[in-house]
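Here is a briefing on the structure shown below. The points are grouped by topic.

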Amino acid sequence: MSDPKTLINREYKYGFVTEIEADAAPRGLSEVIIRFISKKKNEPEFMLQWRLKAYRRWLQMEEPTWPNVHYPFINYQDIIYYSAPKSKKDGPKSLDEIDKELLETYEKLGIPLEEQKRLAGVAVDAVFDSVSIATTFKEKLAEKGVIFCSFSEAVHKHPDLVKQYLGSVVPYADNFFAALNSAVFTDGSFVYIPKGVRCPMELSTYFRINAADTGQFERTLIIAEEGSYVSYLEGCTAPIRDKNQLHAAVVELVALEGAQIKYSTVQNWYAGDKEGKGGIYNFVTKRGKCAGNNSKISWTQVETGSAITWKYPSVILQGDNSIGEFYSVALTTNRQQADTGTKMIHLGKNTKSTIISKGIAAGHGQNTYRGLVKVQPKAETARNYTQCDSLLIGDRCSANTFPYIEVKNNSARVEHEASTSKISEDQLFYCKQRGISSENAVSMIVNGFCKEVFKNLPMEFAVEATKLLGVSLEGAVG
Amino acid sequence: MLEIKNLHVSIEGKEILKGIDLTVKAGEVHAIMGPNGSGKSTLSQVLAGNEAYKVTKGKILYQGKDLLKLSPEMRARQGIFLAFQYPVEIAGVSNAYFLKAALNAVRVHRGLEELDAMEFLQLMKEKMKIVDMDPSFTNRPVNEGFSGGEKKRNEILQMEVLEPTLAILDETDSGLDIDALKIVAEGVNKLRKPDRSFIVVTHYQRLLDYIIPDYVHVLIDGRIAKSGGKELAFQLDDKGYDWVELEPNAGTATLDR
């Protein structure tokens, strides 16, 4: 039997560009640019000051070199930090005022913004390059007191909440990319679920990079008050370009007493071509804080895109009995590289965390799991269960696992299991002998491998994720 | 149905089959017996299209066409089924999902409509009764955690569902207790019909007490050393394989009687 071959044609169906006039900042980064962005967004003084503090801190920081990924030097002065589709008025008041081109873009992406066409039960915030262009179902959510809007709008309408929580989970000085984001972030989503409210629908943000040479720096902040619940979904795509583009986002989640936040991501940024030309650098800081007792934060991610992925959705388990979960599927094919995992920081008593990570490497893909489980002295009877599995397709890819465990309390129980397997010729032959084609066999085996993660995704997302893996692996075997 | 002519097969440069001639007509059951390492499993794998085995000489015609030109999945879709000696485990993929994908691949090839989940489960349920499998196996991952006997029964279940034209059973009896053996044999016997043929590969005569073959061939060192009727199996059971090797004219057996 021939060796599984590298992926030959990977079709990326979201690789188109929308021709639209943009209002953009000049290239480069300086205090002038930051003031420009803040002014464009008509921000209150506290935001500008926060950005400038972050920027000054960033100047003193160094780009991290510890991730197991390799890329050429990024020239931060060659990036455009602000790009917005030009609108005639100050901002669209309703969907009727949104540029037709933009609406069509989202139609093509399968995210029709006209509310009546939306899947019942999902509200969408659409972020195009640097700005949020529409948020659906706002009124319906408002009836329950749920705030779901663009970050810019939140800065104006809910400055106290923003002031209180912005940077409370990911401080601006947290790391190089978080500092950069804090200085230049342009938009993102803001969610506030009041006390005792179960959010009546799934909330979702759809991120789209369109303009060339533009970085996307969005920020998401979700606050779940006591006893509330929210499920939030995030999807991402970008045009095919042969230059790399930087995406450095920050996501902060705050769960107060008894609150639950479920955060799901299907990341499908453009991954570059088969030689590794182009694609998104996805350098993202995502962190949740279980601030109250009995709270729960659950991250589920399916990472199939981006040339390079560097992200560790983490949970700080501060409240007693709080629960943190991380379910991840990361796929790397062609020349893609991923260094991803999580950090579970146990501070409170009887806190629990679960980590299920599934890494799939094909072609020349390089896949690294990096995780930290930290149990602090006061975290009595903390528990963690970690399972890291890697699946290799072909013999030119690689998988690595770097689990770090720090336990400072004797009553803690930490379990770690890891495995690496290959799709064997025997498995493929068995499937083929039953009439199943190689490609279907691979996709079936891979989906089986990811099952424990997919079952944590909301239904429509699970279907999309399954399809996405199928498309991504097309041609991965000969 | 199947015509094998002067078949030579090597794996990793080593010749395993050294000139096999075998004709299987529609509706016939042929048993291939022989000691370990004689090439029985190699023959099964080659018929199913395992590319690890290289055919260096000879040809195989299936339904009058050159079988060696077909990919394994095309052979399967055209009705060749191999019950594996060592069925493979597939984690996370349910038995039902796997078998439905297989059946629909075969059905599409035959120009039939795909079965939906409900129709398929109905069919699978019926067939599971035949091989006495517990319904819980529907949702268990393919062969994962199955006992040896359960794996073999699962193979027969797949055969029942896929309804092949030519079924090859590779040491399906190994690892089966007598009850399971009877169940498997009964399943096979129910499938016997004039336009379906079987090649039953086995080391022991035991299985042939329940699946009565039309012909028995003894494979020794990559060649068919002796062919005969079902009584040959009993002789082998009495005298062992050494007896065949002592036959003066071994290797020249023909099938046409």
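Asn42(A) counts as exposed because it has 11 C-beta neighbours inside 10 Å. The class is set by other C-beta atoms, placed from the backbone, within 10 Å of a residue's own: 20 or more is buried, 12 or fewer is exposed, and in between is partly exposed. This is a predicted model, in which local features need pLDDT of at least 70, side-chain atom pairs count only at pLDDT 80 or more, and totals for chains, interfaces and linings use all residues. Residues are numbered from 1 along each chain as its sequence is written, while chains are lettered from A and ligands numbered from 1 in the order in which they are written.

**Positive phi**

- Asn42(A) sits in the loop between helix H1 (31-40) and helix H2 (45-60) of chain A. Helices (H or I, at least four residues) and strands (E, at least two) are DSSP runs, numbered from the N terminus.
- The phi of Asn42(A) is near 55°, a positive value in a residue other than glycine.
- Most residues other than glycine have a negative phi.
- Asp132(B) also has a positive phi, near 55°. Its place is the loop between helix H4 (117-130) and helix H5 (148-162) of chain B.
- Asp132(B) counts as partly exposed, because it has 15 C-beta neighbours inside 10 Å.

**Chain A overall**

- Chain A has ten helices and 23 strands.
- Of its 478 residues, 57% count as buried.
- Two residues are in contact if their C-beta atoms, placed from the backbone, lie within 7 Å. Among contacts in chain A between residues at least 6 apart in sequence, 83% join residues at least 24 apart.

**A sheet in chain B**

- Six strands of chain B form an open sheet with mixed pairing, in the order E6-E7-E8-E3-E9-E10. Two strands pair if DSSP finds at least two bridges between them.
- Strand E6 (80-83) and strand E10 (223-228) of chain B are at the edges; each has a single partner strand, so one side of each lacks a neighbour in the sheet.
- On average, neighbouring strands of this sheet are turned by 20° against each other, direction ignored. The axes are lines fitted to C-alpha atoms.
- E6(B) pairs with strand E7 (residues 166-170) of chain B in the parallel sense, over four bridges. Phe81(B) has Ala167(B) in E7(B) as its bridge partner.

**Where the chains meet**

- The contact takes 18 residues from chain A and 21 residues from chain B.
- On the chain B side, helix H2 (72-77) and helix H3 (95-109) each supply at least two residues.

Key
Axes are lines fitted to C-alpha atoms, for helices over the stretch in contact, and angles run from 0 to 180 degrees between N-to-C directions.
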